[in-house]
Amino acid sequence: MKKVLESNGVIVLYCKLIKGILGEVAEQELDWERRYTVMRLHTAGHIIDRAVADLIGGAETIGAFHGPPRAYVDYRADIDEGLLPEIERRANELLGKREVIVKEVAPENLEKAIYGAPNLGRLPKAEMYRIVEIKGINAMPCTGTHVRNTSEIGRISIIGIERVGEGTRVYYGVFTSIIIWASG
Ligand SMILES: [Zn+2]
């Protein structure tokens, strides 16, 4: 599955057809484990946006992929590799237990509903916008899938960077800590 969109009440799946006929009623099975990882990664992406903004004074996002296997955000900025530990530290500092709120707003109310949004440069025209707010962090138009509370993310790890087109690709991951008790 590449992408899922809702259009006029119809759910459109972008995927490879293995069996059946196009336009037929389809049954689908949700890979919950993978889906939940995507939700955690996606929400973490918003936190990283804020961490990057705090450290370099704001950077527009020009692309993103929330994995798995590899998640990244592309920023229109020249981010130095030396800054990665700082981005990671700031992102984890911001995490906390913050509520993630999703709401629909009309274009005329968009400006009031958002703050710290790094993705307005690539915002398509729409009749309604879906706004995802992480309380106290940022509120931006986003159609992705997110967790309800940042405490579900675990820990954010900034893995590396790569130069892309007009900016920097920042690779990241999310981890939950596991405590192993040794007996003996
Ligand atoms: Zn999102």
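Biologist: How many bridges join strand 5 to strand 6?
Modeller: This is a predicted model. In it, strand 5 and strand 6 (residues 129-134) run antiparallel and are joined by six bridges. Ile-101, for instance, has Glu-133 in strand 6 as its bridge partner.

Biologist: Which order do the strands of that sheet have?
Modeller: The order is 5-6-7, in an open sheet of three strands with antiparallel pairing. Strand 5 (100-105) and strand 7 are the edge strands, each pairing on one side only. On average, neighbouring strands are turned by 20 degrees against each other, direction ignored.

Biologist: And which strands does helix 1 touch?
Modeller: Helix 1 packs on the sheet and touches strand 5, strand 6 and strand 7. The direction of helix 1 makes about 120 degrees with that of strand 7.

Biologist: Let us turn to the metal. What are the protein donors of the zinc ion?
Modeller: They are His-42 (NE2), His-46 (NE2), Cys-142 (SG) and His-146 (NE2), which lie 2.0 to 2.4 Å from the zinc ion. The site is tetrahedral, with angles of 90 to 122 degrees among the four donor atoms. Along the sequence, the donor residues follow the spacing H-x3-H-x95-C-x3-H.

Biologist: Where do His-46 and His-146 sit in the chain?
Modeller: His-46 is in helix 1 (residues 32-56), whereas His-146 is in the loop between strand 7 (138-141) and strand 8 (155-164). The two are 100 residues apart, and the pair links distant parts of the chain.

Biologist: Are those two buried or exposed?
Modeller: Both His-46 and His-146 are buried.

Biologist: Now the charges. How many salt bridges does the count come to?
Modeller: The count comes to 10 salt bridges. One of them joins the side chains of Glu-60 and Arg-76, at 3.0 Å from N to O.

Biologist: Why does that pair tie together separate parts?
Modeller: Glu-60 lies in the loop between helix 1 and strand 3 (61-66) and Arg-76 in the loop between strand 4 (71-75) and helix 2 (84-95), so the parts they tie together are 16 residues apart in sequence. Glu-60 is partly exposed, with a relative accessible area of 27%. Arg-76 is also partly exposed, at 38%.

Biologist: What does Asp-78 form with Arg-163?
Modeller: They form a salt bridge, with the closest N and O atoms 2.7 Å apart. Asp-78 is in the loop between strand 4 and helix 2 and Arg-163 is in strand 8, so this pair ties together parts 85 residues apart in sequence. Asp-78 counts as exposed at 66% relative accessibility, while Arg-163 counts as partly exposed at 47%.

Technical notes:
Residues are numbered from 1 along each chain as its sequence is written. This is a predicted model: local features need pLDDT of at least 70, side-chain atom pairs count only at pLDDT 80 or more; totals for chains, interfaces and linings use all residues. Side-chain values use heavy atoms; hydrogens and water are left out. Donors are N, O and S atoms within 2.8 Å of the metal (3.2 Å for Na, K and Ca); water is not among the atoms, so sites may look incomplete. Four donors count as tetrahedral if all angles lie between 85 and 135 degrees; four count as square planar and six as octahedral if opposite donors are over 155 degrees apart and all others between 65 and 115; anything else is irregular. Helices (H or I, at least four residues) and strands (E, at least two) are DSSP runs, numbered from the N terminus. Buried means under 20% relative accessible area, exposed over 50%, partly exposed in between (1.4 Å probe, protein chains only). Two strands pair if DSSP finds at least two bridges between them. Axes are lines fitted to C-alpha atoms, for helices over the stretch in contact, and angles run from 0 to 180 degrees between N-to-C directions. Contact means heavy atoms within 4.5 Å. A salt bridge is a side-chain nitrogen of Lys or Arg within 4 Å of a carboxyl oxygen of Asp or Glu.
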